[in-house]
Amino acid sequence: MPVEDLPSKVILTDPLDPNTNLTILKYGATIISWKNHGQEQLWLSEEARLDGSKPVRGGIPLVFPIFGKQKDPKHPTASLPQHGFARSSTWEFLGQTMESPVTVQFGLGPEHLSKEMATAWPFDFTLILTITLKENSLVTNISVANEGAPFEFNWLFHTYYRLNDITDTLVNNLVDQTCYDQLLTTSYIEKAPAISFHEEFDRVYSQINPARTIQIIDKGKVLFNLHRDGLPDCVVWNPWAKKSAAMADFMPKSAFHQMLCVEPGYVHSMITLMPGEKWVAEQEIELGGEIKIQANIY
Ligand code: BG6
């Protein structure tokens, strides 16, 4: 069966290969597993809470309507938790919309929020998440519609990739991009031809040309190609030893070696949506292929 609607999750299976499948928790519409020909592509903590008691540590949590914590105490998102409420609300499964490639949709609106969240952020919005499982890629498309007063928001696909070893991993095609280092709290131009990792890393790259494909490379082999549409910014994060030790739901403690978050989004500034307007964006994670050097695309 290509789509199984279970009480707390939805499982998609590629009709051509039962070992290519996807598991989506209704809580947060969080993709918690993506197997391609039997091989898991996403990192999920062994201590991740999958019972709806807290956002999932791993997979693809969704960040909306605020990235991090709002710094302006007067902004309507000021009282929301870190990374907003999309990842900690139970979405409605809207069903299958296409047979091949297998595609499903989830929806979230004010009626799905806890009373506390609906009061904290009292806007009339509709989120539709469309997920397509392909033979060699995973597409996540988000639309945000405004049916009431104007509002501002961020969006982010907080994707946790599974790696062999972070110290053998490079992230390509971010050279010459403006980045804000969240640890140093300063902005500069990234000059590394490819990013490597040897300590805690938390940077927000902004306004990246959509023609640039962000690549995650393991010892010269391309693991993932991130194609982005409407997602100009990208957060790159690895908590390393000390920070992961401090996170109760991060397990095993050595697993910072096996994960990296590369998170396309719209977080450098906020999107303003006027009444009746809709915003749409998409990420496609394509597996394998050749190394592409796109340093000359500005
Ligand atoms: C990243 C941020 O996107 O998410 C980091 O850049 C943050 O600063 C990380 O620590 C994890 O956030 P959380 O709320 O899931 O612990």
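Analyst: Let's start with Asn-238, which is part of strand S20. Keep in mind that this is a predicted model. Asn-238 counts as buried because its relative accessibility is 0%, and the cut-off for buried is under 20%. What does the side chain of Asn-238 reach? It gets to the backbone oxygen of Met-259, at 2.9 Å.

Strand S20 runs over residues 233-238, and Cys-234 has its place there too. Cys-234 is at 0% relative accessibility, so this residue is also buried. For a sense of scale, take Cys-234 and Pro-101: they're 133 residues apart in sequence, and their C-alpha atoms are 27 Å apart in space.

Now for the ligand. Val-235 and Trp-237 are among the residues that surround it, and so are Phe-67, Gln-82, Arg-87, Asp-202, Lys-243 and Glu-263. Sorted by class, this shell has 3 nonpolar, 4 polar and 5 charged residues. The ligand takes up the space of the largest pocket.

Which side chains come up to oxygen atoms of the ligand? His-158 has a polar side-chain atom 2.8 Å from one. For Gln-182, a polar side-chain atom is 3.0 Å from a ligand oxygen. Arg-57 has a side-chain N or O atom that is also 3.0 Å from an oxygen of the ligand. On its own the ligand has 390 Å² of accessible area, and the protein covers 86% of that.

One more neighbour of the ligand deserves a look: His-83 is in the surrounding group as well. You'll find His-83 in the loop between S6 and S7, and its relative accessible area of 7% means that it is buried. Its phi is near 65 degrees, a positive value for a residue that isn't glycine. Why point that out? Because most residues other than glycine have a negative phi.

The peptide bond going from Phe-64 to Pro-65 is cis, with omega near -5 degrees. Most peptide bonds are trans. Another cis bond links Met-251 to Pro-252, again with omega near -5 degrees, and Pro-252 is in the loop between helix H2 (240-245) and strand S21 (259-273).

Technical notes: Residues numbered from 1 in each chain as written. Predicted model: local features only at pLDDT ≥ 70, side-chain atom pairs only at ≥ 80, totals over all residues. Heavy atoms only, no water. Near = heavy atom within 4 Å. Polar contact = N/O pair within 3.5 Å; in protein donor to acceptor, adjacent residues only side chain to side chain. Areas by Shrake-Rupley, 256 points an atom, 1.4 Å probe, with all protein chains shown as cover. 1 Å grid on protein atoms, 1.4 Å probe; cavity = no way out; pocket = protein on both sides within 12 Å on 5 of 7 lines; lining within 4 Å. Sits in = over half its atoms within 2 Å of the grid points. Nonpolar A, V, L, I, M, F, W, Y, C, P; charged D, E, K, R; others polar. Helix = DSSP H or I, 4+ residues; strand = E, 2+ residues; numbered from the N terminus. Buried < 20%, exposed > 50% of the residue type's maximum accessible area, 1.4 Å probe, protein only.
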